[in-house]
Structure formats: C-alpha cells, structure tokens
Amino acid sequence: MTDLDLAAEPAPDTGALDGRPRPALDLLIWDAPNIDMTLSTVIGARPTAASRPRFDAIAAWFVEGAGDPGAPDAPDVEACVFANIPPVVGSLQRWVEALRSFGFAVFARPKTQPDDDIDQDMLDHIAVRQHSHRLRRLVVFSGDGRNFAEPLEALARTGTQVVVVAFSEVAGYAISSDLIEFIDIEDVPGAFVEPLDRVRLDALPPDGAWLRPTRNLRDFVSGFLRRNG
C-alpha cells in the first residue's frame with residue numbers, strides 16, 4: 001500500500017467477506033524519529049529524561065478521548081510507536097519494553113542508512129486500519145508535513161477525525177489546515193514531568209518574552225569565519 005490509498009473513498013461499513021459491521025477504532029500513531037528530532041530543536045539541546053514525553057500520560061489522555069468503554073458505540077483503541085533502531089541499540093531495548101508495558105505496539109525497523117525512514121510504514125498501517133475498521137479518530141504525533149499533510153487531509157475528508165499532536169514551532173502544516181485539528185504536545189496533560197525550556201510563539205505572555213540564544217555568539221562567529229575564511 002502507498003500513501004495514495006488514504007485518499008480513497010471510504011469503504012462501506014460492512015466487512016467484504018461476511019457482511020458484519022466494521023468495528024470503530026481510535027488509532028494513535030507516534031513518529032519517534034520526528035518527535036525526537038523536533039524536541040531537540042525546540043529546546044535547543046539534547047533531551048534528558050526530564051524533558052522526554054511520558055507515554056503513560058499520553059496513553060491515558062488518548063484512551064480518555066475515546067469515551068466511555070462501556071458505551072454501545074465505544075471504539076476499539078490502538079496506539080503504535082514507529083521507531084528506527086540504530087546498529088548500537090543501547091538503552092532502546094528498555095524503552096521499547098516500557099512502551100509495550102504501557103499498551104503500545106511498536107514497529108521497529110533497523111536504521112542502516114542515514115536516510116532510512118519509517119514514514120511509509122506509518123501510512124501503510126493507517127491504510128490497513130482504514131480498511132479493517134471504521135476509523136473514527138486518528139491521532140498522529142508528528143511534525144512531518146512533507147509526508148503527512150496530503151494523506152491526512154484526504155482521510156479527514158472521508159469523515160475521520162484527524163488530530164496532529166506535535167510542537168507548534170514545526171507543525172505549520174497542521175496549524176494552517178482547515179481539516180486537521182492541532183494540539184501542541186505540551187498541552188497534553190502530564191506529557192512532561194516539568195515545563196519544557198521553550199517559549200511558544202503561539203502562547204507568548206502579554207508583555208512579551210526574551211528568547212535566549214541556543215548557541216554562544218563567539219562560537220558561532222568562530223565557526224562562520226572558519227567556513228568562509
């Protein structure tokens with residue numbers, strides 16, 4: 001399957017083989033490479049344990065958004081993390097096992113080349129669930145508009161509620177869309193142990209705010225002169 005499958009007309013609400021209604025589904029997709037990269041960008045530093053998102057709180061927020069599980073029309077819920085795994089695994093094994101213990105499925109692909117990515121794997125999985133279920137709500141944690149903007153808007157046109165959760169600094173594609181709902185990841189209750197060291201341009205204090213440099217001025221100029229000397 002390709003990203004074009006997401007633009008297809010919605011399938012009927014009955015299964016193709018036995019005629020039974022397709023179950024409703026709320027699906028969460030987490031783009032681990034993109035969220036890690038953009039987190040580093042917005043805080044201007046390598047993330048620490050205190051600045052990384054809490055998947056237990058995100059799971060609770062997502063499931064709560066699915067409504068009362070005892071309701072007649074309650075959807076199934078599924079949360080999936082997509083990750084590129086480098087040759088030196090390090091602490092990623094513990095991270096993956098923690099995710100699984102929180103109820104997340106994990107799609108792990110080896111990263112053997114610098115440009116290896118998992119965007120198509122995410123789009124393929126969304127397309128699979130679109131056909132196996134009545135996709136009621138899709139929550140995508142990614143700031144990657146280049147690969148996701150058109151497919152997600154196409155899916156929203158079929159009646160699925162599409163929500164993008166990312167950092168407002170890097171998710172202009174979702175913020176400007178009339179079809180996609182955007183939520184800043186820091187607005188998810190409990191997503192971070194403490195506030196991130198960032199000043200959001202979409203939430204500035206009335207009196208303004210100073211934005212500190214993320215690099216020493218002399219260090220930058222020294223590097224600039226070396227490159228252009």
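How much space lies in the largest pocket? The model is a predicted one, and in it the largest pocket holds about 850 Å³ of space.

## The largest pocket

The lining of the largest pocket is made up of 30 residues. Those that lie nearest the centre of this pocket are A32, D36, R52, L92 and W95. The greatest contribution comes from α1, which supplies 6 residues.

By residue class, the lining of the largest pocket consists of 16 nonpolar, 10 charged and 4 polar residues.

## The second largest pocket

The second largest pocket contains about 270 Å³ of space. Its lining comprises 13 residues, and V42, D197, R198, V199 and T214 are those that lie nearest its centre. Of the lining residues of the second largest pocket, 6 are nonpolar, 4 are charged and 3 are polar.

## The sheet

An open sheet is formed by 6 strands, with parallel pairing, and the strands follow the order β3-β2-β1-β4-β5-β6. From one strand to the next, the twist averages 20°.

Within this order, β4 and β5 provide an example of the pairing. Strand β4 (residues 134–141) pairs with strand β5 (residues 161–166) in the parallel sense, over 5 bridges. Across this pair, R137 stands opposite Q161 in β5.

## Helices α4 and α5

How are the helices α4 and α5 oriented to each other? The axes of α4 (residues 119–132) and α5 (residues 145–157) cross at roughly 10° and come within 11 Å. Angles under 35 degrees count as roughly parallel, and α4 and α5 are therefore roughly parallel to each other.

The contact between these helices involves D119, M122, L123, I126 and Q130 on the side of α4, which meet N147, F148, P151 and L155 in α5. The residues of the contact of α4 with α5 comprise 6 nonpolar, 2 polar and 1 charged.

Terms used: Residues numbered from 1 in each chain as written. Predicted model: local features only at pLDDT ≥ 70, side-chain atom pairs only at ≥ 80, totals over all residues. Heavy atoms only, no water. 1 Å grid on protein atoms, 1.4 Å probe; cavity = no way out; pocket = protein on both sides within 12 Å on 5 of 7 lines; lining within 4 Å. Points joined across faces, edges and corners; volume = space filled by probe spheres on them. Helix = DSSP H or I, 4+ residues; strand = E, 2+ residues; numbered from the N terminus. Nonpolar A, V, L, I, M, F, W, Y, C, P; charged D, E, K, R; others polar. Pairing = 2+ DSSP bridges. Axes fitted to C-alpha atoms, helices over the stretch in contact; angles between N-to-C directions. Parallel < 35°, antiparallel > 145°, perpendicular 65-115°, else oblique. Contact = heavy atoms within 4.5 Å.
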